[in-house]
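Colleague: I have not worked with this structure before. Could you take me through it?

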Amino acid sequence: MQEKTAEKYVPHDIEPKWQDKWAQDHLYEVNEDDPRPKWYALTMFPYTSGDLHVGHWYAMAPSDVHARYKRMKGYNVLHPMGFDAFGLPAENAAIKRGIHPYKWTMDNVERMRGQLKRMGSIYDWRREVVTCLPEYYKWTQWFFLKLYEAGLAYRAKAPVNWCPKCQTVLANEQVVGDGLCERCDSPVSRQDLEQWFFRITNYAEELLDFSSIEWPERIKIMQRNWIGRSEGVEISFGLEGGGEFPVFTTRPDTIFGVTFVVLAPEHPLVARLTAPERRVEVERYVEGARRQSEIERTSTEREKTGVFTGAYVINRLNGERAPIWVADYVLLSYGTGAVMAVPAHDQRDFEFARKFDIPIKVVIAPDGWNGGELSQAYVEPGTMVNSGQFNGMPSERGKEAIADFMERKGYGKRKVSYRLRDWLISRQRYWGAPIPIVYCDKCGLVPVTEKYLPVLLPEDAEFKPTGESPLKYCESFVNTTCPKCHAPARRETDTMDTFMCSSWYFLRYTSPGYKKGPANPTRMRYWLPVDQYTGGAEHATMHLLYARFFIKAIRDLGIVEFGEPFTRLFNQGIIISGGQKMSKSRGKVIAPDTYVSELGADTVRVYLMFIGPWEQGGEWDDSGIKGISRWLNRVWSIVLEGYEPKAEDEAKTKELRHITHRSIKRVSQDLEKFHFNTMIAALMEFTNYLGKVREEGMAHPDAFREAIDSLLLLMAPSTPHLAEELWVKAGHPYSIHNQAFPEWDKDLAAEEEITLVIQVNGKLRDKLTVPVTIAEQQARELALGREKIKPYIDKKKISKVIYVPRRLINIVTS
Ligand SMILES: [Zn+2]
Ligand SMILES: [Zn+2]
């Protein structure tokens, strides 16, 4: 063994050195002709908004640790990185600072790539993908054309969320809080515009099936709620004076309680039905509703408003007429945009009826109802009353009976309804993939022929703070010829939502230079689907839902052979600082670069894993990161200072081997489950123990050597630079990252077991077999939970519990 060395741990001396060496040796480059099983580990790619902040590191460093672990476990691991490079911030920078969005974005990409390299990750940079480059967005456009040909992309006039400040349309998912723009916090209004949509609703039912993927329960619940499946009946009311008035309800059992119906203000029937003498008032109301957001309109706290149209429907079940109102609490985007109002059994209808003096008719009686007035809507099941031939029936059965009756009579039909709307993908912006469509006076709407892709963004567009898309006024872009008849034509000036770019980037990583299609089919067959995806939970109903839809759609077009993009998903939490979420606008951003220069990338990696359970996140704390640095220094000296045996004790050697193998087991099991914080704790305990063993010098040198080697191998995924340096310094061949992850020996790792005596008030009542290392708390809980003990402590107050480690627990009652 070596003599003591004065050499100190200086991360700055070893990290760039190893990063360069790994790159030179192509250590992390992966290929498809590999006998090992494949593992595709994907981290959500960053948006190119500027420097990497600690939130990026929190998403990327632990996932790199996991991917490295899989690599050492014998997998052929693809762990790629790229950049989500289109979007509004680049355009805003162009307006504010006069830098072209392309330059601004690519400068950021270069800086971020450098920062990502300093993290010491295993990204195979040959596979980098940047979504704003023509070689990439050509295929984004190609996919648009495929969806268009399949009838999955269409253009329609639709009321859309409009941000007056950003001057653009927002998807429902981008409207946050009380109807505010996700980007600029301005109140969002509604406007009718010709827009492009993808028919995600065609896949609503299939998107509810999570049976082939292992995703966190809460993400599945969020998607399920977002899709919002409900079973009910589409009932057709008769319009007085002729015609039909269809409404969707999940409560056909309350049909006899309808005392009015409501149309959404944007409903096309409003203009047709409104009586001449009511017109002025109705139009004024509709105009007012347009200026409100959906969230404001449907807020339960808000006082109900509405206006009578002067028209009536006929309820075919009882022949009663019910007035038609217009009210903004009904949205055109839900069901049919019309509801049957049953004030006795729906709270919003109840409040509306109270305010406008509309009758409230009870048709579902609560248990013990005395026939009196209700003080609020009764929404639970009950017994049907005032419901003709259905009186006396339990309402749950009534639902079916009335649905059957209506279907027989032709008054209605059972239907499944979804809350999910089609995905609005057009943006009135420059910095996105242009939608490859041309408008010709003769031929109408014509898709651009594939051989003319990509439709390039013009470089000479002018960026002015008018809020309108620079493409609209860029003559060189707008004026073109019709792909069909070659007459002069105009280009579509809308660009695609950036979520379109991120719906397929993980396909491109398999073969980024590929020219014959979006990705090489053979390579896609080898790598996909993604085995492990990691990223933020905030993408639950956007990216994670869009990508699932997109893959199902292109599977049906024969482009891929799988239907779910991401087999496993893990969502990390967020890092806060000073009790606040870090964000540029609030100026609370921790810049990892400073810490990397001072303490090293390995320290930052480990600190982020140690801060708390990865799925929960935690608070950044400068003293915490210094503690990690001290630990790594300790590892450094224990490994390099050598081991001098003083005497040999067989029991000490046995204990050392037991602790070594127990540590291997704990670290492996924690890594498997992303339990990084407890994994680091186990490594720290192991280090402390080795320090003690080294001082005592009683264990056999071979056992100590095994322990040190195991420690380095176990640390290799977390601290790749330090582990490599010490591995080589300890005389092993480069590279530690090509070594197998250590396996634990079952017998050596097994915990020694002992028998604990359980006494109640000093009398022996039971015995317990437990691992020798059991903690006091756990031993107490086990003892108190024993069936044999319960009768002795039943209904008695426990005054104290005496615990003698390795021997007994005495429960004292008073
Ligand atoms: Zn905005
Ligand atoms: Zn034409």
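Modeller: What follows is a brief overview, and then a look at one helix and one strand. Please keep in mind that this is a predicted model.

Colleague: Understood. How many helices and strands are there in the protein?

Modeller: The protein has 27 helices and 34 strands. Its C-alpha atoms fill a box of roughly 105 × 85 × 45 Å along the principal axes.

Colleague: And what share of the residues is buried?

Modeller: Of the 814 residues in the protein, 55% are buried. The accessible surface comes to about 36100 Å², and carbon and sulfur atoms account for 49% of that surface.

Colleague: What about the contacts between residues at least 6 apart in sequence?

Modeller: Among those contacts, 73% join residues at least 24 apart.

Colleague: A change of topic: how far apart are the mean positions of the positive and negative charges?

Modeller: They are 2 Å apart, with 108 positive and 108 negative charges in the protein.

Colleague: Now the helix, please. Which residues of helix 7 are buried?

Modeller: Helix 7 covers residues 217-227, and its buried residues are Ile219, Lys220, Gln223, Trp226 and Ile227. Seen down the helix axis, the buried residues of helix 7 fall within an arc of 130°, so they line one face of the helix.

Colleague: What covers the buried residues of helix 7?

Modeller: The cover includes helix 6 (204-207), helix 17 (543-556) and strand 27 (566-572).

Colleague: And what comes just after helix 7?

Modeller: Glycine 228 is found there, with a positive phi of about 55°. Strand 10 spans residues 230-239.

Colleague: Is strand 10 enclosed or open, and why?

Modeller: Strand 10 is largely enclosed by the rest of the structure, because seven of its 10 residues are buried.

Colleague: Which strands does strand 10 pair with?

Modeller: One partner is strand 18 (residues 412-417), which runs antiparallel to strand 10 and is joined to it by six bridges. Within that pairing, glutamate 234 has lysine 413 as its bridge partner. Strand 11 (residues 244-249) also pairs with strand 10 in the antiparallel sense, over six bridges. There, phenylalanine 237 is the bridge partner of phenylalanine 245. Strand 13 (residues 307-314) pairs with strand 10 in the antiparallel sense over two bridges, and glycine 238 stands opposite isoleucine 314 in strand 13.

Colleague: One last point: how many residues lie between strand 10 and strand 11?

Modeller: Four residues lie between them, and the two strands form a hairpin. In the turn, glycine 241 has a positive phi of about 95°.

Key
Residues are numbered from 1 along each chain as its sequence is written. Chains are lettered from A and ligands numbered from 1 in the order in which they are written. This is a predicted model: local features need pLDDT of at least 70, side-chain atom pairs count only at pLDDT 80 or more; totals for chains, interfaces and linings use all residues. Side-chain values use heavy atoms; hydrogens and water are left out. Buried means under 20% relative accessible area, exposed over 50%, partly exposed in between (1.4 Å probe, protein chains only). Contact means heavy atoms within 4.5 Å. Accessible areas come from the Shrake-Rupley method with a 1.4 Å probe; for residues, only the protein chains shown count as cover. Lys and Arg count as positive and Asp and Glu as negative; His and the chain ends are not counted. The place of a charge is taken as NZ of Lys, CZ of Arg, CG of Asp or CD of Glu. The arc is that of the directions from the helix axis to the C-beta atoms. Two strands pair if DSSP finds at least two bridges between them.
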